[in-house]
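Colleague: I would like to go through this structure with you slowly, asking at each step what a word rests on.

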2 protein chains.
Amino acid sequence: MGWAEPRVVATGDLGVVVERATGSVLIVDRSEMAMLARVEGFGDLSHASLVFSPDERFAYVFGRDGGLTKLDLVTQSIAKRVIQAGNAIGGAISDDGTLVAVSNYEPGGVRIFDADTLEMVADLPTGSKTIGLVDAPGRRFVFSTWDDGETWIADLSGDEMQVQTFEGVGANPYDALITADGRRYIVGLFGEDGLTAFDLWADPPKQEKILADYGRGQQDMPVYKMPHLEGWALAGDRFALPAVGHHQVLWVDAQTLEELGRTNIHGQPVFAVARPDGRHVWVNYAHPDNDTIEIIDSQSGEIIHTLKPGPAVLHMEFAPRGHQVWLSVRDADRIDIYDTRSFEKLGEIPAKTPSGIFFTARAHRSGL
Amino acid sequence: MGWAEPRVVATGDLGVVVERATGSVLIVDRSEMAMLARVEGFGDLSHASLVFSPDERFAYVFGRDGGLTKLDLVTQSIAKRVIQAGNAIGGAISDDGTLVAVSNYEPGGVRIFDADTLEMVADLPTGSKTIGLVDAPGRRFVFSTWDDGETWIADLSGDEMQVQTFEGVGANPYDALITADGRRYIVGLFGEDGLTAFDLWADPPKQEKILADYGRGQQDMPVYKMPHLEGWALAGDRFALPAVGHHQVLWVDAQTLEELGRTNIHGQPVFAVARPDGRHVWVNYAHPDNDTIEIIDSQSGEIIHTLKPGPAVLHMEFAPRGHQVWLSVRDADRIDIYDTRSFEKLGEIPAKTPSGIFFTARAHRSGL
C-alpha cells in the first residue's frame, strides 16, 4: 500500500472509553489494542454511558449535565450535541436504531430524540427521578421512578406513542436490567428488601416480587456505591446479581427467578458481569476494595481467580466473543487488557481517569 | 483529514448475499435496504456459507469447490483466494478472529488457515467427510464425521494444537449446532434415531444420546433436503429443531435437553430460526413447499402467521436486534425484507438466484 492510499479501518472492533474528569473520550481499536483518537467537548462525563447506532458509526454519549452528544467514529469528531435536561443518567436506543431515549433526574422523566437529528420527538415527564431506562424489542423503552416506585413502558411502534404505567413496584427503585431476549425487566430496590420482576411477554406485562429474603434488612448498612444491574448478567441458566451493601453475589434461576445461592466476595460489588459464554462472572468492587477483581465460576459459585489490576477499577468490558476483557483503572490513568482464560495481561493503553468502556458490538444487542 | 490518516468505514450494518448460480456475491446495507456492490469470481457457490472478521471488514466465503475467498467489504473486492480442497462444506472462525477453519468432503477433514494471509496452519485429515464444523470459545473448533460417526475437538489455544476425538456419536452425523454460549454441541444423525449432545463445559466433554424417540424410524421416508441445524435456534428456555423428513418442529428444553413437544408444520423444514428475542421461530421448507414461511410462537408452539413470499425461499436472516428479517427468494431473483412484528413487506432488492444472507453482526457471535 502506497502513501497516497488511505489506511482503512472498519468499525466492528472499535470502542469508546469515557475519560470522566476531562469531558473527553478515547476511540480505541480492539484488534490493535490501541488508541485511535481523543475527542473533547462532552461536558460532565461523571457517571456517563453511551449507546451505538446500528452501523457502528455513531455513539450517543449521555452526560451527567444533561448533554446528549453524537460522536462520529469515522471522522473522530462530535457530529451533534444538545443539552436536553439539567441532570441526566443513562440512555438507550430503539431496536431499529431510529430513536434515542435519555433518563433525567432534573426535570424527572424521559425524553426521546430522533437518532439522526437529535430533535426531540417525545417528552415523558414523570415528576420523579427516572432510573433503569432500557430499550425493549418493538421500539419500546422501559424505565422506573425513584420517588414514586413506578415502572413505565413507552411503545413507539405505531403512529401514536402508547404508555403503560405500573404502580407499587417498590420503595426507591435504583437501577434495573432487561434480559437480552427482552422478556424480563428486573428492578433493584433501595428502600425495601427483594426485587421486582416484569414478564414483558405476558399481555399485559406481569409484575411479581422476587428474592423477598434478600435486601439490606433492618440493619442500616453503609453503602459506598450502588451496584449496577446489567443486561448481560446471564451466566448459563442463571443470573448473577451484585447485592446492595452485602459482600455477596446472588445467583438467580433464569426461568423461575428463585434464588439458587450466594457467593461471599471480597467487598461491596459494583458490577457482576458474565463473560459472554456465561462460564465465568467477573466482579469489581466499591471503595476501599476497588483495586480488586474476582472471577467466579458460574456453575460452582466458587471464586477461581483474583486480580489486582491497580487503584480504582471502575469498569469491565468483554470482547463480544469473550476472549479478552478491558478494564479501566481510573487512578492509574490506564486501560488494562487481559486474556480471559489465562488471566495474563496482554497490554495497556494510557487514558485520563477512564471510567466506562464500550465496544461497538453493543450496537447489535438489546437492552444495554 | 489527510490521506495518511486512517479512513474508517462503518461496517456494522452491512451484509453479504450469496448468488449461487453465478459465483458472485452482493454487498448490502441493512439500514438503507439497498445493494452496494456485486463482486464476482468466487467459483462454485452452491451451498456456500461465510463468516466475518472481528472488525466486520472481511468475509471468508466457503465455496463448494474448495475455494476459500476473502472478500473486502470496504474496497468491495476480493482480497485473497485459495483453492484449499476439492469439495468443501462450511467453515468457522476462531473467537479471536485469527484462524479460519474449513470442513472438507474431498479429501475428508478440516484445514485451518491464518485469517490474515490464508496460509494453512493446521491440517486435520479424518478419512471421512466432515460436517457440523463450528467454533467454540478458546480458539477451538468442533466437527464430526459422516462415515465414522466421530466428533473431534481441535484446541489451538496453546503452542501445540491438541485434538480430542470421541467415537460412537451415531450413524451418519449430517449437521451439528453449538449453542451461543459454546456449552452444548448437538449432532443430528441421518442413519439412526435421536441426536447426540456434548456438554463442552464438562472436563472431559460429556457425550449423551438425546431425543431417542425422534427420528426417521423404520419407515424409509423420502427426504427432499436435509434440514440445517443452526446455533441460534434458542427460543427463550427451549431449542427449536427442524425434524428430518417429518413435517414437524421439535421443542427441546435448553437445560435438560428433553423433548417438550412438537409442532406440526406445512412441509419438510429446512431452517427453524428464532427471532433474536426468542419469542417467534421462523421456518422455511424443502421443495415442493418452499414458497412458504411459517411463524411459530415459541411459548405456545402454535403457528401464528403464514407468508408466501415467492418461489424457493432458501434462507432467512434477522437483523441482530430482530426488527427485520431478510429472505432470499431464489426463483424470483429477489431479496425480500419484512417487519418481524407487523409481517408487512418493507422492501426488496434484486439478486441473481440468491441463497445465503449473512449480516456482519455475526462477527460478534460464537458458533455461527
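What follows is a conversation about the terms used for this structure and the values behind them.

Modeller: This is a predicted model, in which local features need pLDDT of at least 70 and side-chain atom pairs count only at pLDDT 80 or more, while totals for chains, interfaces and linings use all residues. Residues are numbered from 1 along each chain as its sequence is written, chains are lettered from A and ligands numbered from 1 in the order in which they are written, and side-chain values use heavy atoms, with hydrogens and water left out.

Colleague: How do you know what confidence the predictor has in chain A?

Modeller: That is given by pLDDT, the predictor's confidence in each residue, from 0 to 100. The mean pLDDT of chain A is 92, and 95% of its residues reach 70 or more. Over residues 1-6 of chain A, however, the pLDDT is below 50, and this stretch has 7 contacts in the model beyond near neighbours in sequence, where contact means heavy atoms within 4.5 Å. Where pLDDT is low, the predicted coordinates should not be read in detail. For the complex, the predictor gives an ipTM of 0.94 and a pTM of 0.95.

Colleague: What makes the relation between the chains that of a two-fold axis?

Modeller: Copies are superposed by least squares on the C-alpha atoms of residues with pLDDT of at least 70 in both. A rotation of 180° with 0.0 Å of shift along its axis places chain A on chain B, with an RMSD of 0.1 Å, and that is the relation of a two-fold axis. The same surface serves both copies, as 91% of the contact residues of chain A recur in chain B.

Colleague: Why is A:Gly90 called buried?

Modeller: Buried means under 20% relative accessible area, exposed means over 50%, and partly exposed lies in between, with a 1.4 Å probe and protein chains only. A:Gly90 has 17% relative accessibility, and therefore counts as buried. This residue is found in strand β9 (residues 87-93) of chain A, where strands (E, at least two residues) and helices (H or I, at least four) are DSSP runs numbered from the N terminus. Not counting residues up to four places away in sequence, A:Gly90 touches A:Ser49, A:Phe62, A:Ala101, A:Val102, A:Ser103 and A:Leu133. A:Gly90 and A:Val102 are 12 residues apart in sequence, and their C-alpha atoms are 6.0 Å apart in space.

Colleague: Is B:Arg111 buried or exposed, and why?

Modeller: B:Arg111 is at 19% relative accessibility, so B:Arg111 counts as buried. It is found in strand β11 (residues 108-114) of chain B, and a polar atom of its side chain lies 2.6 Å from the backbone oxygen of B:Gln84. Among the residues that B:Arg111 touches, beyond those up to four places away in sequence, are B:Gln84, B:Met120 and B:Asp123.

Colleague: What makes strand β33 of chain B largely enclosed?

Modeller: Strand β33 (residues 354-359) of chain B has 6 of its 6 residues buried, so it is largely enclosed by the rest of the structure. Strand β14 (residues 140-145) of chain B is mostly covered, with 6 of its 6 residues buried. In a regular strand the side chains alternate between the two faces of the sheet. Both faces of β14(B) are covered, with B:Arg140, B:Val142 and B:Ser144 buried on one side and B:Phe141, B:Phe143 and B:Thr145 buried on the other.

Colleague: How do you know which strands pair with β14(B)?

Modeller: Two strands pair if DSSP finds at least two bridges between them. Strand β13 (residues 130-136) of chain B is joined to β14(B) by 5 bridges and runs antiparallel to it, and B:Ile131 has B:Ser144 as its bridge partner. On β14(B) there are also 5 bridges to strand β15 (residues 151-155) of chain B, again antiparallel, where B:Ser144 has B:Thr151 as its bridge partner. β13(B) and β14(B) form a hairpin with 3 residues between them, and B:Gly138 in the turn has a positive phi of about 85°. β14(B) and β15(B) form a hairpin with 5 residues between them, and B:Gly149 in the turn has a positive phi of about 65°.

Colleague: What makes β4 and β33 of chain A edge strands?

Modeller: In chain A, an open sheet of 4 strands has the order β4-β3-β2-β33, with antiparallel pairing. β4 (34-40) and β33 (354-359) each pair on one side only, and they are the edge strands. Strand β2 (residues 14-19) of chain A pairs with β33(A) over 4 bridges in the antiparallel sense, with A:Glu19 opposite A:Pro354.

Note on methods: A polar contact is a pair of N or O atoms within 3.5 Å; within protein, one must be able to donate a hydrogen and the other to accept it, and residues adjacent in sequence count only if both atoms are side-chain atoms.
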